[in-house]
Amino acid sequence: MVRQVENYSVPSREDVQPNAEPPHAWWADVPGEAPHLPHMASWRQYDPAAQVTAYEFMLREVLGVDNLQGLVGGYDDVDANFRVVRGFLGMAQALHDASARGDQDPVRMRTVAGTAGTPQERIETFLPPEVLALFRRYREEGWASISGSPDYGGQGLPMGFANAILEMGMVNPGVAVLTFLSEGVASALEAKGSEELKRVWLPHLKSGKVTGAMVMTEPLAGSSLADMETTAQLRADGTVTVNGYKRFLSSADHNASEGPNGERNIVHMVLARTASENGYLLRKKPDGSFVEVLKVDEDGYLVGVDGRHLMNERGEMVKDGEWRQVLTLVLVPRVPLNEKGEYVDLEGKVVDAPVENGVLIAKLNHKTGLQVQSNTNAEYVNACGFVVGEVGEGMKNMFVIMNGARIGVGLQSVCAAELMRQNVEEYAQRREQGLGGAIIHYPNVTEKILNLRAHSQAGRIIAAEVAIALDIVERGKNDFFTRGEKEEYQRYVDVMTPLVKWGLSEKCYAAIDGGVQAMGGEGYMRESVAQILTDTRIARIYEGANDVLAVGEAVFQLKHMRSFIRRMRTSTAWTDTARCATSSAP
Ligand SMILES: Cc1cc2nc3c(=O)[nH]c(=O)nc-3n(C[C@H](O)[C@H](O)[C@H](O)COP(=O)(O)OP(=O)(O)OC[C@H]3O[C@@H](n4cnc5c(N)ncnc54)[C@H](O)[C@@H]3O)c2cc1C
């Protein structure tokens, strides 16, 4: 449906309320046990060192990363990279413990009164205190940008190694999603944003003081993003005005991002339909030019702003759907800043206090899992935004965030399978049952443990191979990798990224469910391992529902079959090539 942009009320210029604690006790204050009666401790354990050992073996022995020395930037000192990875062990353990406790201590909210310009009551959400403290530690230890460019404060760790940290971080997916979405937003900005936008926002994002959110889904547009109704109206001064309603947004509101005055500042990367300066929605013609559209008539034909039907190059009236929607990626800060980090108003004028930017958090969603992560709906009311990349290239630009996020979701599932494996393996060795001894000797239990082992290990390898291919594309030395080879690696990454998300989330989830079964009643308890199952269920839904990915992949594979098969056949070709290159070196 085409419609003219609605007029919203004038945005508020009131100061943003500083973060404050919500006015109620946490659930965790309510005890679950009678203090003086016998009770059994819940079964829950985690050893991140097992993951590091698995990565060391896999990256060195299976994928041969030592052979990439001198050929791909960041691979010259593999030992140093592993030292960085091992530096995360303490953080991983703390993340796990906070995740287990936070499961019964979920995100909270409070309502906030409207202001003169935007009178609607809105909400603010609050992370559990332990998670908040942990995120601050995470930021202070410098984990907020592991693989980002050092030019803007990143650590520059190649993706092949960053995957290990990402996987360990996923032991607390609530915190990890917050951080990897921020990294994704920073990557999109780095790849597509103007120099000015980069200078203003990248240092804040890389430090973790400002976090990022990916904003696409709407009530009537989830899998089918072309149906979205949120609009970004182009302005003569180069900014855009965003209006609309988005839902299910991960980490779009929380109290872990901190501006100088304690205000929450989160950069929303919003995908929106583009409207012209006159307020008419745009469509893209086959020649690449844009045209303003007044409406779709009752027979489904596009009508131009002069009230006459639009015609295609064959002189026929244009049916709705023939010319593409113009989707644009827009950076909408909750609190606008300038290059010096000063507060500015919506016209860019320096002001003393933070200014609110028409982003109204409307609802806290109560999820099945990921209790320590805030998921909200938001209304955008004349919010001021900045185009990232080209107008009309929104979907392509959003994929910079989505592709990283899809690998992250795959690793979320791998980490969950690993965590479940550690618990089930130990439990099954200790749990004696009847005459058969420990249940680990029962073939049905062994099978479930082997499934967990197989899918976590295989998933790790597949995700690492994609990450290394991406490193080759981005950091491979041009005197060794030709342009054609890099393009082929890029195609491999494009094909494999949704497959990593889809395959790992499907296989690991099934294996985790088996793990719950192998632990019997203990497995069903949230304070034991059931949380792993509920936290991981989402991996099959977000970043593209798996059914939709499966259909999309089938079409994509058919289109790129030849290149894909060639790459699959030689999926460790870079290792072999590198070996040849290094062995023939003088
Ligand atoms: C916890 C959580 C966090 C999220 N975080 C974010 C976020 O940060 N940012 C954001 O923008 N969104 C986010 N989402 C939204 C998420 O990406 C969508 O829920 C997801 O893409 C599915 O869209 P939908 O819910 O509208 O389902 P629908 O699109 O209505 O699909 C429902 C089902 O219909 C079927 N289906 C639909 N279309 C097709 C098709 N073409 N082919 C085959 N089957 C089909 C599938 O079985 C699908 O599962 C989040 C969601 C959740 C639950």
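**Figure 1. F248 in the predicted model.** F248 is partly exposed, with 19 other C-beta atoms within 10 Å. A residue counts as buried from 20 or more such atoms and as exposed at 12 or fewer, so F248 falls in between. The residue lies in strand 5. Its phi is positive, about 60°, although F248 is not a glycine. Most residues other than glycine have a negative phi. As in the other views, the coordinates come from a predicted model.

**Figure 2. E543 in the loop between helix 12 and helix 13.** Like F248 in the previous view, E543 is a residue other than glycine with a positive phi, here near 60°. E543 is buried, with 27 other C-beta atoms within 10 Å.

**Figure 3. The residues around the ligand.** The ligand is surrounded by 19 residues, and the closest are M216, G222, S223, S250 and A545. By class, the shell is made up of 11 nonpolar, six polar and two charged residues.

**Figure 4. The packing of helix 8 against helix 12.** Two packed helices are described by the angle between their axes and the distance between the axes. For helix 8 (residues 394-430) and helix 12 (residues 526-537), the axes come within 10 Å and cross at roughly 165°. Angles over 145 degrees count as roughly antiparallel, so helix 8 is roughly antiparallel to helix 12. The crossing of the two helices is left-handed. Helix 8 contributes Q412, S413, A416, L419, M420 and N423 to the contact, and helix 12 contributes V529, I532, D535 and T536. Sorted by class, the residues of this contact are five nonpolar, four polar and one charged.

**Figure 5. The whole protein, for orientation.** The protein has 14 helices and 14 strands. Of the contacts between residues at least 6 apart in sequence, 74% join residues at least 24 apart.

Definitions and conventions
Residues numbered from 1 in each chain as written. Predicted model: local features only at pLDDT ≥ 70, side-chain atom pairs only at ≥ 80, totals over all residues. Axes fitted to C-alpha atoms, helices over the stretch in contact; angles between N-to-C directions. Helix = DSSP H or I, 4+ residues; strand = E, 2+ residues; numbered from the N terminus. Parallel < 35°, antiparallel > 145°, perpendicular 65-115°, else oblique. Left-handed = near helix turned anticlockwise from the far one by under 90°. Contact = placed C-beta atoms within 7 Å. Nonpolar A, V, L, I, M, F, W, Y, C, P; charged D, E, K, R; others polar. Near = placed C-beta within 6 Å.
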